[in-house]
Structure formats: C-alpha cells, structure tokens
Amino acid sequence: MTDNLTKLNLLIIGAPGAGKGTQAQLIAEKYQIPTISTGDIFRENIKTGTELGQKVQQIIAAGELVPDSLTNEIVADRLQQDDVVNGFLLDGYPRNEAQVVALDQFLADRGEVLTAVIMLEADTDVVVSRLLQRAFREGRADDTEEVIRHRQNVYREQTAPLVAIFSERGILVSVDGLGSVAEIAERINTALAVKLGS
C-alpha cells in the first residue's frame with residue numbers, strides 16, 4: 001500500500017496551444033513514466049481497427065462525444081498495463097467532474113492517489129496568436145481566430161470546476177506556460193520538486 005502511494009501519478013492540463021504535448025513528453029522522460037493521452041488511445045484503436053476503435057469511429061462519425069463510461073473504461077484498462085508500475089502522466093483526461101470521480105475510484109481501489117496536477121497557464125491572446133501562426137504554417141484554413149477562441153472558451157468552461165477540485169485538494173501546481181520550452185520545463189521541474197518534497 002505504501003509503495004502505491006509513492007507512485008508518481010500526474011495529470012497535465014492547459015488550454016489548446018499552451019504547449020501541453022511538448023511538456024508532457026519531457027515530464028514523462030524525466031520521471032520515466034508513460035504519457036497517457038485519451039486522444040492517442042482513440043486514434044491508435046481506430047487505426048488498428050480494434051473493436052473499441054470501431055465503436056469510437058462510429059461515435060465520432062455521428063458527430064457525438066465519446067461517452068464518459070467508454071472513456072473511463074479505456075483509461076482504466078490502460079492504467080493496468082505493465083509500464084505504469086512507477087506512475088503515469090495523464091493528458092486529456094479527466095475532462096469533467098464525472099471522470100474525476102471515476103479516476104478517484106479506480107485509484108482508490110488500488111490504494112493510490114493522484115499525486116499532482118500541473119496546470120500550464122498562458123494568456124489567451126498569446127495562445128490564439130500562436131495557434132493562428134501554426135494554422136498559417138500548416139495550411140489549416142479551418143483554424144480561424146473565431147474557431148480558436150471558441151475552443152479556448154470551451155476549455156475554460158470545462159476545466160474551471162476541475163481546477164477548483166484539485167486546488168481544494170492542494171495538489172494543483174500552476175506554472176507559467178509562456179517562454180521557451182526549456183524555461184517552461186525548468187519551471188515545471190522546480191514546482192514539482194517543491195510539491196513532492198512537501
């Protein structure tokens with residue numbers, strides 16, 4: 001039981017374009033834990049044509065959101081694999097309060113807890129400008145300023161209740177997400193070291 005409580009179970013949250021993916025990779029490498037992204041799991045299953053992939057494909061094709069029950073099941077399955085022995089870094093899950101409850105229950109059943117939640121904070125206007133530049137470079141005509149701002153608003157609405165929950169638990173680590181990749185990584189490492197040392 002004590003061993004489970006020393007596992008490094010992390011979650012990273014941040015607005016679209018805040019550089020979450022890049023930082024998640026660096027954190028995972030530093031602490032030797034896998035990054036678990038629900039988006040990646042869905043895409044991989046769709047690509048390999050698994051039963052789960054076909055189910056998800058039908059839901060997405062119908063323009064629906066993947067239901068919590070299915071997402072929870074997928075994450076629970078992934079968290080039971082061998083490479084999660086030292087912990088994990090979740091990216092893109094949980095997205096709402098119901099998913100937080102499911103994750104808490106799953107971890108509690110294993111005598112584990114969520115260790116820390118890293119929140120990358122970035123000014124919306126800076127992020128929008130960054131994403132517009134990326135859209136231009138990559139020829140993403142659909143990524144207009146209006147669409148990008150809408151995504152930012154949706155993220156804020158969805159994440160606000162989660163931020164409140166994790167903040168109340170004292171496991172939220174807010175990090176300034178603006179600057180070079182190395183600067184942000186350094187801030188995350190320092191903040192985590194302080195959090196884990198306490």
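Me: Hi! Where is the place of Pro94?

Reply: Pro94 has its place in the loop between β3 and α6 (97–109). Those labels are DSSP runs, numbered from the N terminus: helices are H or I with at least four residues, and strands are E with at least two. This is a predicted model, where local features need pLDDT of at least 70, side-chain atom pairs count only at pLDDT 80 or more, and totals for chains, interfaces and linings use all residues. Residues are numbered from 1 along each chain as its sequence is written, and side-chain values use heavy atoms, with hydrogens and water left out.

Me: What is the peptide bond from Tyr93 to Pro94, cis or trans?

Reply: The bond from Tyr93 to Pro94 is cis, and its omega is near 0°. As background, most peptide bonds are trans, and most residues other than glycine have a negative phi.

Me: And which value does phi of Gln32 take?

Reply: Gln32, which is not a glycine, has a positive phi near 55°. You can find Gln32 in the loop between α2 (20–31) and β2 (35–37). Gln32 counts as exposed because its relative accessibility is 59%. Here buried means under 20% relative accessible area, exposed means over 50%, and partly exposed is in between (1.4 Å probe, protein chains only).

Me: OK, switching to confidence. What is the mean pLDDT of the chain?

Reply: The chain has a mean pLDDT of 90, and 96% of its residues reach 70 or more. pLDDT is the predictor's confidence in each residue, from 0 to 100.

Me: Which elements have the lowest and highest mean pLDDT?

Reply: Helix α1 (residues 2–5) has the lowest, at 50, while strand β3 (residues 87–91) has the highest, at 96.

Me: Now α3. Which residues of α3 are buried?

Reply: They are Thr38, Ile41, Phe42 and Asn45. Seen down the axis of α3, these fall within an arc of 100°, so they line one face of the helix. The arc is that of the directions from the helix axis to the C-beta atoms.

Me: Why would residues three or four places apart point the same way?

Reply: An α-helix has 3.6 residues a turn, so residues at that spacing point the same way.

Me: Which residues are exposed on the other side of α3, and what covers the buried ones?

Reply: Arg43 and Lys47 are exposed on the other side. The cover over the buried residues of α3 includes β2, α4 (51–61), α5 and β3. Just after α3, Gly49 has a positive phi of about 65°.

Me: What does Asn45 touch?

Reply: Not counting residues up to four places away in sequence, Asn45 touches Thr50, Leu52 and Gly53. Contact means heavy atoms within 4.5 Å. Asn45 counts as buried because its relative accessibility is 15%.

Me: On to Arg78. Where is Arg78 found?

Reply: Arg78 is in helix α5 (residues 68–78). With a relative accessible area of 15%, Arg78 is buried. Beyond its neighbours within four places in sequence, Arg78 is in contact with Pro34, Ile36, Ile41, Asp83 and Val84.

Me: What joins the side chains of Arg78 and Asp83?

Reply: A polar contact of 2.8 Å joins them. A polar contact is a pair of N or O atoms within 3.5 Å; within protein, one must be able to donate a hydrogen and the other to accept it, and residues adjacent in sequence count only if both atoms are side-chain atoms.

Me: Last one: is Ile13 buried or exposed?

Reply: Ile13 is buried, at a relative accessible area of 8%. Ile13 lies in strand β1 (residues 8–14). Leaving out residues up to four places away in sequence, Ile13 touches a set of residues including Lys20, Val117, Ile118 and Tyr155.
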